[in-house]
Amino acid sequence: MTKKRLKIVLASILAICAVLAVVAVVGLRPVPPFGDNFAPAIITDLPELQLPDGIVSVVFVESTDGLDDGVVRLIASMQMYGLDFYQTEEAPDGIIAIDDVVLLQINAQWAERGGTNTDLIARVIEAILAHPDGFAGEVIIADNGQAQHGTNRRGGSLDWSQPNSACRSQSVLDVINAFQAQGYRVTGSLWDEFTTVRVGEFSAGDYTDGFIVEDYLRSTGLEISYPKFTTQFGTHVSFRHGIWNGESFDTDRLRIINMPVLKSHGWFGQTGAVKGYMGVTSDRQTRRHALIPAGRAHFSVGTGGMGTQMVYTRMPILNIMDMIWIAPDGGPASSYNAAVETHMIAASLDPVALDVWTTNHVLIPEAQRLLRRRPESMNPAGTEPGTFGHWLRLSLNEMIAAGYDFTMDENEMLVIIGGD
């Protein structure tokens with residue numbers, strides 16, 4: 001190498017080091033163009049349960065095959081411990097009010113056992129519609145398969161020909177059509193259809209379906225993005241701000257129930273309640289910065305980006321983990337033959353606690369039993385970058401910093417199994 005070339009290389013290295021030093025100090029965080037609009041979004045009032053000393057979160061576990069009354073039993077168990085599913089005069093802190101718009105955030109990127117069980121989806125919708133005061137709101141089933149990857153390499157679908165159901169033919173669209181045939185306001189929104197469309201908010205006069213993207217890289221390497229769209233019933237939904245009535249947003253009427261499938265994941269060890277929020281982002285529109293390997297939404301999972309996504313968009317009012325069939329190996333896709341039947345579901349206000357308990361007590365034991373996968377990468381106690389435990393802890397830090405009282409410590413969890 002000539003002296004001239006050596007000087008050029010050294011100058012380049014120094015320039016890169018200088019940029020990295022700036023990154024270390026400011027985290028590539030310019031002034032947010034939306035100002036205070038993107039402060040932490042604690043806009044879902046989670047019920048405050050009366051818990052024993054030292055307990056932070058409750059996880060409810062119930063057996064079901066998706067066809068029985070397991071969801072009803074789960075709701076009854078929750079109510080016994082002060083978590084009311086229905087908001088009524090007697091239970092003003094209940095989760096679902098009679099006129100709410102309830103969005104079921106599911107896994108829809110994969111067919112067979114890789115997507116949320118459609119029998120379970122139907123049972124949850126039945127429970128919502130069974131509100132004791134009469135349900136007059138709307139139910140939306142939604143996800144973003146990012147119009148990439150997935151079973152057919154083109155993203156997600158609400159109408160897989162081989163869905164996750166007992167009969168192996170009942171798609172999400174079939175469930176929607178069945179309820180609509182009975183006159184119920186149940187619909188679906190596949191956000192793949194507009195995941196590449198950047199739009200403004202309803203409040204800015206933009207009624208186009210698409211994604212709001214914050215042109216601002218967060219410390220976890222995530223550009224926050226979220227969908228806004230209009231349902232077939234004319235309801236204007238902003239995932240972050242709520243229901244637009246033409247003049248203002250009604251934040252409280254939009255309720256998110258997070259319904260992931262418990263699965264292993266080739267990159268990040270586990271996919272469940274927290275990682276399921278990838279389906280709320282637009283991976284196609286967010287950037288991957290050259291100096292921060294996170295950046296683009298999916299890469300930011302490993303640096304805690306989904307905690308950022310939950311905090312700055314909208315926290316679920318309830319998380320229900322689908323464990324009727326799980327994928328202890330080979331996830332996030334899962335064929336019928338590779339999946340393991342457990343006939344279980346679990347629910348919690350705390351997505352982190354739900355991920356930890358179900359992974360420790362359901363996913364890892366099955367992986368060990370089948371000898372299909374070394375469970376180190378999915379261990380919640382993992383500390384190595386890239387492991388489930390590492391990125392979940394970073395995600396939890398984002399939630400705690402925003403004021404959410406969640407936990408990864410099983411000693412701080414009360415676990416209620418089968419209505420005990």
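## Exercises on a predicted model

G205 sits in the loop between β4 and β5. Helices (H or I, at least four residues) and strands (E, at least two) are DSSP runs, numbered from the N terminus. Before you start: residues are numbered from 1 along each chain as its sequence is written, and side-chain values use heavy atoms, with hydrogens and water left out. This is a predicted model, where local features need pLDDT of at least 70, side-chain atom pairs count only at pLDDT 80 or more, and totals for chains, interfaces and linings use all residues.

**Exercise 1.** Work out whether G205 is buried or exposed.

*Solution.* Start with the cut-offs: buried is under 20% relative accessible area, exposed is over 50%, and partly exposed is in between (1.4 Å probe, protein chains only). G205 has 55%, so G205 is exposed. Then look across the chain: 9.2 Å separates the C-alpha atoms of G205 and G246, which are 41 residues apart in sequence.

**Exercise 2.** Describe helix α7 and find what covers its buried residues.

*Solution.* α7 runs over residues 388–401, 14 residues in total, and spans 20 Å from first C-alpha to last, close to the 20 Å expected at 1.5 Å a residue. That expected span is 1.5 Å times one less than the number of residues. Its buried residues are F388, G389, H390, W391, L392, S395, L396, E398 and M399. The cover includes β12 (269–271), α5 (305–312) and α6 (351–370). After the helix comes G403, with a positive phi near 105 degrees.

**Exercise 3.** Find how many aromatic pairs the structure holds, and classify W191 with F229.

*Solution.* Rings of Phe, Tyr and Trp (its six-membered ring) pair if their centres lie within 6.5 Å; planes under 30 degrees apart are stacked, over 60 edge-to-face, the rest tilted. There are 15 pairs. W191 and F229 are 5.8 Å centre to centre with 50 degrees between planes, a tilted pair. This pair links distant parts of the chain, 38 residues apart: W191 in the loop between β4 (186–190) and β5 (210–217), F229 in strand β6. Both W191 and F229 are buried. Ring pairs join W191, F194, F211, F229, F239 and Y277 into a cluster.

**Exercise 4.** Which residues touch the most other members of the largest nonpolar core?

*Solution.* A nonpolar core is a set of buried Ala, Val, Leu, Ile, Met, Phe, Trp, Tyr and Cys residues joined through side-chain atoms within 4.5 Å. Of 107 residues in the largest one, F85, L104, I125, I128, I257 and L318 touch the most other members. α6 gives the largest share, nine residues. For L104, contacts beyond four places in sequence include I121, V139 and M259.

Notes: Contact = heavy atoms within 4.5 Å.
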